[in-house]
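Here's a quick briefing to read alongside the model. Have the structure open and follow the topics in order.

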Amino acid sequence: MGLLAYLKTQFIVHLLIGFVFVGSGLVINFVQLCTLVLWPLNKQLYRRLNCRLAYSLWSQLVMLLEWWSCTECTLFTDRATVDRFGKEHVVIILNHNFEIDFLCGWTMCERFGVLGSSKVLAKRELLYVPLIGWTWYFLEIVFCKRKWEEDRDTVIEGLKRLSDYPEYMWFLLYCEGTRFTEKKHRVSMEVAVSKGLPVLKHHLLPRTKGFTTAVQCLRGTVAAVYDVTLNFRGNKNPSLLGILYGKKYEADMCVRRFPLEEIPLDEKEAAQWLHKLYQEKDALQEMYNQKGEFPGQQFKPPRRPWTLLNFLSWATVLLSPLFSCVLGVFASGSPLLILTFLGFVGAASFGVRRLIGVTEIEKGSSYGDQEFKKKE
């Protein structure tokens with residue numbers, strides 16, 4: 001094992017990476033708070049600034065995927081679609097099977113210049129997660145309780161606010177509503193059978209209201225829908241902890257572009273279009289499991305240096321005073337100071353672990369276990 005590979009497995013290194021992320025995140029959130037004074041004066045300037053501030057935080061996670069674990073991402077699509085990446089507003093539909101599916105989406109956003117302006121329809125609980133939810137709040141992310149009767153007006157209002165967004169945005173939708181588990185899949189397919197819908201093998205039944213509402217509200221702004229089907233070579237099931245330990249994965253993404261004009265205006269017809277899309281996604285996953293690859297031409301967009309440079313800049317600014325403080329604490333010989341410092345380290349470790357826990361499948365929400373039994 002080389003020195004770098006050894007360091008990637010060490011808890012203290014993980015703690016330092018977490019310290020940089022949390023420390024920089026708090027600074028970024030404070031600056032974002034200060035930018036609120038710009039909203040009534042120049043809304044578009046506020047948005048552009050917050051896109052760059054969000055990039056400075058999210059790119060640290062992308063750095064872990066691209067430079068720390070050296071995970072490779074391959075696109076299966078066509079040249080015409082690739083040439084449009086980063087040059088239009090789009091809605092992204094991504095399967096929700098893996099703990100790091102969002103991170104693979106972010107790395108593609110970064111490579112095509114839309115990471116800071118990427119959007120998502122997120123569950124409201126995430127609004128209260130430090131750093132993540134706070135950053136999303138300033139980015140005008142649309143939050144929902146996943147109860148349509150309560151969410152409808154909030155979601156429509158949030159989507160319509162994005163109609164004049166100044167940066168090209170990729171708006172992510174997890175139409176399945178929750179991450180795939182065998183239990184949720186079983187319940188979901190019971191609902192599919194009861195509604196006379198085709199049974200899916202690799203996906204949950206898509207929940208159509210968020211999709212149809214997003215398409216209706218963003219017509220005239222969004223140019224297309226990108227359907228993205230993700231899988232990992234070698235039947236791997238990667239995790240954020242695995243990435244932190246430097247494990248390398250190979251992600252494959254099949255991307256299909258559908259101009260918005262092809263999606264029906266009628267809500268019921270648009271819902272049927274989405275169900276058909278998920279049948280096609282299921283067939284793509286089955287093909288991948290059998291052949292080990294998706295159809296289409298392969299593209300490997302090169303990673304850019306900006307994520308690494310951004311992290312190294314924050315590490316230089318934040319770790320230098322930290323090391324000076326640590327040396328001062330132990331040099332003082334004060335048992336109280338040393339115990340206080342060790343308590344801080346323990347609390348920081350717990351906090352970082354909780355943040356990572358947000359992505360873990362076994363700690364995911366129970367949404368879907370019972371909700372699929374209710375009508376949309």
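**What the record says, and what the model shows**

UniProt, in an unreviewed entry, lists residues 90-212 as "domain: Phospholipid/glycerol acyltransferase". Keep in mind that this is a predicted model. In that model, residues 90-212 come out at 41% helix and 14% strand, and the end C-alpha atoms of the span lie 14 Å apart.

**Annotated transmembrane regions**

- The unreviewed UniProt entry also lists residues 12-41, 308-330 and 336-356 under "transmembrane region".
- Residues 12-41 are 80% helix and 0% strand in the model, with 45 Å between the end C-alpha atoms.
- Residues 308-330 are 100% helix and 0% strand, and here the end C-alpha atoms are 31 Å apart.

**Helix H3**

- H3 covers residues 43-68, which makes 26 residues.
- From its first C-alpha to its last, H3 reaches 36 Å, close to the 38 Å expected at 1.5 Å a residue.
- Where does H3 bend? The bend is at Val62, and comes to about 35 degrees.
- H3 is mostly covered, with 19 of its 26 residues buried.

**Tyr46 and its surroundings**

- Beyond its neighbours within four places in sequence, Tyr46 is in contact with Thr35, Leu36, Leu38, Trp39 and Phe138.
- Gln32 is 14 residues from Tyr46 along the chain, and the C-alpha atoms of the two are separated by 8.9 Å.

**Aromatic rings and charges over them**

- How many aromatic pairs are there? The count comes to 17 aromatic pairs.
- Take Trp39 and Tyr46, which form an aromatic pair with 5.2 Å centre to centre and 90 degrees between the planes. That pair is edge-to-face because its 90 degrees is over the cut-off of 60.
- Elsewhere, Trp58, Phe102, Trp106, Trp136 and Phe143 form one aromatic cluster.
- Lys8 has its charged end over the ring of Trp68, 5.6 Å from the ring centre.
- Lys281 does likewise with Tyr278: its charged end sits over that ring, 5.7 Å from the centre.

**Positive phi values**

- Most residues other than glycine have a negative phi.
- Cys70 is not a glycine, yet its phi is positive at about 60 degrees.
- Cys70 follows H3 and lies in the loop between H3 and strand S1 (72-77).
- Is Cys70 buried, exposed or partly exposed? Cys70 is partly exposed, with a relative accessible area of 31%.
- Asn235 is another residue other than glycine with a positive phi, near 55 degrees.
- You'll find Asn235 in the loop between strand S6 (224-232) and helix H10 (240-244).
- Asn235 counts as exposed because its relative accessibility is 73%, and the cut-off for exposed is over 50%.

**Helix H8**

- H8 runs over residues 182-194, and its end C-alpha atoms are 19 Å apart. That agrees with the 18 Å its 13 residues should span at 1.5 Å a residue.
- Which residues of H8 are buried? They are Lys184, His185, Val187, Ser188, Met189, Val191 and Ala192.
- After H8 comes Gly196, whose phi is positive, near 75 degrees.

**Asp83 in helix H4**

- Asp83 is found in H4 (residues 79-84), where it counts as partly exposed at 38% relative accessibility.
- Tyr226 is 143 residues from Asp83 along the chain, and the C-alpha atoms of the two are separated by 13 Å.

Note on methods. Residues are numbered from 1 along each chain as its sequence is written. This is a predicted model: local features need pLDDT of at least 70, side-chain atom pairs count only at pLDDT 80 or more; totals for chains, interfaces and linings use all residues. Side-chain values use heavy atoms; hydrogens and water are left out. Rings of Phe, Tyr and Trp (its six-membered ring) pair if their centres lie within 6.5 Å; planes under 30 degrees apart count as stacked, over 60 as edge-to-face and the rest as tilted. A charge sits over a ring if NZ of Lys or CZ of Arg is within 6 Å of the ring centre and within 35 degrees of the ring normal. UniProt positions are given in the numbering used here, feature names are shortened, and annotations may be inferred rather than shown by experiment. Helices (H or I, at least four residues) and strands (E, at least two) are DSSP runs, numbered from the N terminus. The expected span of a helix is 1.5 Å times one less than its number of residues. The bend at a residue is the angle between axes fitted to the seven residues ending there and the seven starting there. Buried means under 20% relative accessible area, exposed over 50%, partly exposed in between (1.4 Å probe, protein chains only). Contact means heavy atoms within 4.5 Å.
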